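Student: Hi! I'm new to this one. Could you walk me through it?

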Amino acid sequence: MALTLYVDTARWRAHHKHVLEQFPGIVPVCKGNGYGFGHERLAEEATRFGSDVLAVGTTYEAARIKDWFSGDLLVLTPFRRGEEPVPLPDRVIRSVSSLDGVHGLVGARVVIEVMSSMKRHGVSEQELSQLHAAIEDVRLEGFAIHLPLDRTDGSDAVEEVIGWMDRLRAARLPLHTMFVSHLKANELARLQQQFPQTRFRARIGTHLWLGDHEATEYRGAVLDVTQVTKGDRFGYRQQKAASDGWLVVVAGGTSHGVGLEAPKALHGMVPRAKGVARAGLATVNRNLSPFVWGGKQRWFAEPPHMQVSILFVPSDAPEPKVGEELVAHLRHTTTQFDRIVDR
């Protein structure tokens, strides 16, 4: 009995093909938990569609994935002096976001990140004049810019990239390759048309692997069902059942990521009101689970355990049976499955 990730493989791969056609020279990203699929599976998929480079988050991920992917590996986390050395093959390319980082990687293959409106990390415009000499000591694979997802000020992503292209060109720096993130296909085409001598390579993870929501589904198996009447005590904390129904033990707990939720940026009054309502319910131990039964998301009977969750299903709903599976609305990037099934 398991928390299972079901994949409609034909549909999933058809989406990959569509994205690859939209973004020539795409650099697939495989970081974190492999977007819910695992590093090994995504490395195999990248190999299947012929990618020559795979982007990973950290040097530790590169060390794990190197045995599953034979092409180049681009580490997205910038190099910092004093970081723990991790043995890596020469086909690993390091990102750098400072002049000091370039000086610290003599002889290495590097991609230099420039500071975008994200203001997360990157080489500043003031450092460009010193880069020309510094890159003589490294093997420069290109420059990179990581753009924000939302542009609430109405600015244009393409214009931001063009601004940096102009600065790099004015500093007499090579513009043979530019790695970009969070551009639409038409925006990438605009840039390629304006700078035909530069190869633009889009680094894409979420849209590539998770862009078709109907291609994947999590399901948790029902392990036990116990009937309760109003007032019965149950669970670790011996709470009382609020009404008649069933306690349903389902595969999927905190070790899988169930009950764990990353903070979200809320826009608009309705989402904010819902957030306030959820917070209020949580203070009285009412937490909605990600599991669906009888067409509704069901409440946790108590906080999820390590490998299972206990749900309360009221008596006016169908009685779940051991061995049945409940659909679970889980975030791929925070979920660890027990097994993956292609269908």
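Student: How many cavities of 30 Å³ or more does the structure hold?
Tutor: The structure holds one cavity of 30 Å³ or more. A cavity is a set of points on a 1 Å grid over the protein atoms alone where a 1.4 Å probe fits but cannot get out. Before we go on, this is a predicted model, where local features need pLDDT of at least 70, side-chain atom pairs count only at pLDDT 80 or more, and totals for chains, interfaces and linings use all residues. Residues are numbered from 1 along each chain as its sequence is written, and side-chain values use heavy atoms, with hydrogens and water left out.

Student: What volume does the largest cavity have?
Tutor: About 40 Å³, where volume is the space filled by probe spheres set on the grid points, joined across faces, edges and corners.

Student: And which residues line the largest cavity?
Tutor: The lining is E113, V114, S116, M118, K119, R120, H121 and H146; lining residues have an atom within 4 Å of a point.

Student: What about pockets? What is the volume of the second largest pocket?
Tutor: The second largest pocket has about 980 Å³. A pocket is an open set of points with protein on both sides within 12 Å along at least five of seven lines. Of its 35 lining residues, H146, L149, S181, H182 and T206 are the closest to its centre.

Student: Which element gives the most to that pocket's lining?
Tutor: β9 does, with three residues. Helices (H or I, at least four residues) and strands (E, at least two) are DSSP runs, numbered from the N terminus.

Student: Back to H182. Where does H182 lie?
Tutor: H182 is in the loop between β8 and α7. Its phi is near 65°, a positive value in a residue other than glycine.

Student: Is H182 buried, exposed or partly exposed?
Tutor: H182 counts as partly exposed because its relative accessibility is 38%. Buried means under 20% relative accessible area, exposed over 50%, and partly exposed in between, with a 1.4 Å probe and protein chains only.

Student: New topic: where is S289?
Tutor: S289 sits in strand β14, residues 288-293. With a relative accessible area of 0%, S289 is buried.

Student: What does S289 touch?
Tutor: Leaving out residues up to four places away in sequence, S289 touches Q297, R298, W299, F300 and L311. Contact here means heavy atoms within 4.5 Å. A polar atom of the S289 side chain also lies 2.5 Å from the backbone oxygen of R298.

Note on methods:
A polar contact is a pair of N or O atoms within 3.5 Å; within protein, one must be able to donate a hydrogen and the other to accept it, and residues adjacent in sequence count only if both atoms are side-chain atoms.
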